[in-house]
Amino acid sequence: MVNAQHDLAPPLPGAERMTRDFPHARLATLDAVDHWLYRKCQSPLPARAIDTYLRTLKTPPDGTVFPRP
C-alpha cells in the first residue's frame, strides 16, 4: 500500500486499516498531501516503488516514509 500521510481521501488511518486486512501487505507513505501518487505525484519515489513491486514483487520495507518533495 502507498498513501500520502496527509491525504484526506483516503486518510492515513484508512490505509493503515486496509494494510492490516491483507496478511502480507506493507504500507509506505509519502510525507505530503498528494493524492495521485502514481504518475501525477510531486515526488517520483512512490511511482518507483509501485513499478518495482509490479515488476519484481519487491516492496519497500514496512513503514517506509518517502520524504516531502
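**Sheet**

I count two strands as paired if DSSP finds at least two bridges between them. Strands (E, at least two residues) and helices (H or I, at least four) are DSSP runs, numbered from the N terminus. My notes concern a predicted model, where local features need pLDDT of at least 70, side-chain atom pairs count only at pLDDT 80 or more, and totals for chains, interfaces and linings use all residues. Residues are numbered from 1 along each chain as its sequence is written, and side-chain values use heavy atoms, with hydrogens and water left out.

I looked up the sheet and found it open, with three strands in the order S1-S2-S3 and parallel pairing. S1 (2-4) and S3 (65-66) are at the edges with a single partner strand each, so one side of each has no neighbour in the sheet. Between S1 and S2 (residues 28-30) I noted three bridges in the parallel sense. Asn3 has Thr29 of S2 as its bridge partner.

**Salt bridge**

My criterion was a side-chain nitrogen of Lys or Arg within 4 Å of a carboxyl oxygen of Asp or Glu. I found one salt bridge in the structure: Asp31 with Arg68, at 3.2 Å from N to O. Asp31 sits in the loop between S2 and helix H2 (45-56), and Arg68 in the segment after S3, 37 residues apart.

I then checked exposure (buried under 20% relative accessible area, exposed over 50%, partly exposed in between; 1.4 Å probe, protein chains only). Asp31 is partly exposed because its relative accessibility is 22%.

**Leu54**

Leu54 lies in helix H2. I list Leu54 as exposed because its relative accessible area is 61%.
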